[in-house]
Amino acid sequence: MLADNYYKILENIDAAVKRSGRDPRVVQLIAVTKYVGIPEIKEAVKLGIKDFGENRVQEAAEKVEKFPDLSWHFIGHLQSNKAKDVLPCYSMVHSLDRLSLAEALQRCGDRFDLKADVLVQVNTSGEESKFGLAPEELPGFLEKIKPFERLQVRGLMTMAPFYHDPEAVRPFFRELRRLRDQYSSSDYELEHLSMGMTNDYVVAIEEGATIIRVGSALFD
Ligand SMILES: *Cc1c(COP(=O)(O)O)cnc(C)c1O
């Protein structure tokens with residue numbers, strides 16, 4: 001069933017990319033494994049999936065340790081004191097949303113002599129339950145973290161609110177793309193837009209997502 005789900009998603013990605021006249025190679029699928037365990041990850045690896053996402057440090061630790069050669073993406077809210085557990089084993093942090101976390105990642109980068117690929121999380125919907133900077137805070141934040149040479153800001157991430165009709169979230173994805181276009185500069189080439197989950201990844205791709213994060217549609 002995972003295989004069927006996977007191929008169906010690939011088809012949907014392909015169709016969405018074609019519809020919007022984009023290059024199919026630019027959309028990266030992250031398999032979100034927070035609801036599943038080691039056996040499902042093994043199955044996904046057999047299908048050729050290489051990029052995985054987790055949103056909780058503790059719950060993910062065993063999986064990440066078991067498959068150190070996979071590319072792990074940290075997609076959840078990250079406490080600053082956990083940065084040290086994430087930086088060495090994840091290839092990207094999607095949820096940089098405050099200065100104290102940037103400072104923690106910078107310190108860990110120094111300690112492990114590593115650079116951290118990060119995305120800045122923006123709360124494009126303004127929903128109170130969502131983490132992320134308000135859109136108007138983004139330029140000031142990018143300016144403040146410029147001296148943090150351990151951080152490599154690769155783009156932006158957002159989580160849309162849940163609506164049964166995925167069309168309803170299109171404006172939030174469009175807003176993230178607008179911010180990317182507005183604030184990309186010689187200092188920050190914001191190439192990535194991490195947006196779109198099970199319910200809305202097709203709309204996200206139409207709006208320019210380069211990374212989609214899909215859990216339920218793959219593993220259910
Ligand atoms: C759980 C989660 C996903 C995947 O959600 P699905 O709806 O199961 O595809 C994507 N992004 C984040 C940040 C998540 O926490």
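Helix 7 (170–183) buries R170, F172, F173, L176, L179 and R180. Buried here means under 20% relative accessible area, exposed means over 50%, and partly exposed lies in between (1.4 Å probe, protein chains only). Helices (H or I, at least four residues) and strands (E, at least two) are DSSP runs, numbered from the N terminus. The model is predicted: local features need pLDDT of at least 70, side-chain atom pairs count only at pLDDT 80 or more, and totals for chains, interfaces and linings use all residues. Residues are numbered from 1 along each chain as its sequence is written, and side-chain values use heavy atoms, with hydrogens and water left out.

What lies over helix 7? The cover of its buried residues includes helix 6 (138–144), strand 6, strand 7 (192–194) and helix 8 (201–206). Helix 7 has 14 residues and spans 20 Å from its first C-alpha to its last. That is close to the 20 Å expected at 1.5 Å a residue, where the expected span is 1.5 Å times one less than the number of residues.

V169 is buried, with a relative accessible area of 1%. Contact means heavy atoms within 4.5 Å. Not counting residues up to four places away in sequence, V169 touches A160, P161, Y163 and D200. K115 is 54 residues from V169 in sequence, and their C-alpha atoms are 33 Å apart in space.

Now turn to helix 5 (99–112). Helix 5 also has 14 residues. Its reach from first C-alpha to last is 20 Å, close to the expected 20 Å. Its buried residues are L101, A102, A104, L105, Q106, C108 and G109. Among the elements covering them are helix 4 (83–86), strand 4, strand 5 (116–121) and strand 6 (151–157). D113 follows helix 5 and has a positive phi, near 50 degrees.

At the other end, D97 lies in the loop between strand 4 (92–96) and helix 5. D97 is buried, with a relative accessible area of 9%. The side chains of D97 and R98 make a polar contact (2.7 Å). Such a contact is a pair of N or O atoms within 3.5 Å; within protein, one must be able to donate a hydrogen and the other to accept it, and residues adjacent in sequence count only if both atoms are side-chain atoms. Leaving aside neighbours within four places in sequence, D97 is in contact with H77, Q121, F131, G132 and L133.

L218 belongs to helix 9 (residues 216–219). Its relative accessible area is 0%, so L218 is buried. Beyond its neighbours within four places in sequence, L218 is in contact with L2, N5, Y6, I9, A31 and I49.

Last come the pockets. Each is an open set of points on a 1 Å grid over the protein atoms alone, where a 1.4 Å probe fits, with protein on both sides within 12 Å along at least five of seven lines; lining residues have an atom within 4 Å of a point. The largest pocket holds about 370 Å³ of space, a volume being the space filled by probe spheres set on the points. Its lining has 21 residues, with K34, Y35, M159, M197 and T198 nearest its centre. The second largest pocket holds about 290 Å³. Its lining has 17 residues, with N55, R56, G76, H77 and F131 nearest its centre. Helix 3 (residues 57–66) gives the most to that lining, with three residues.
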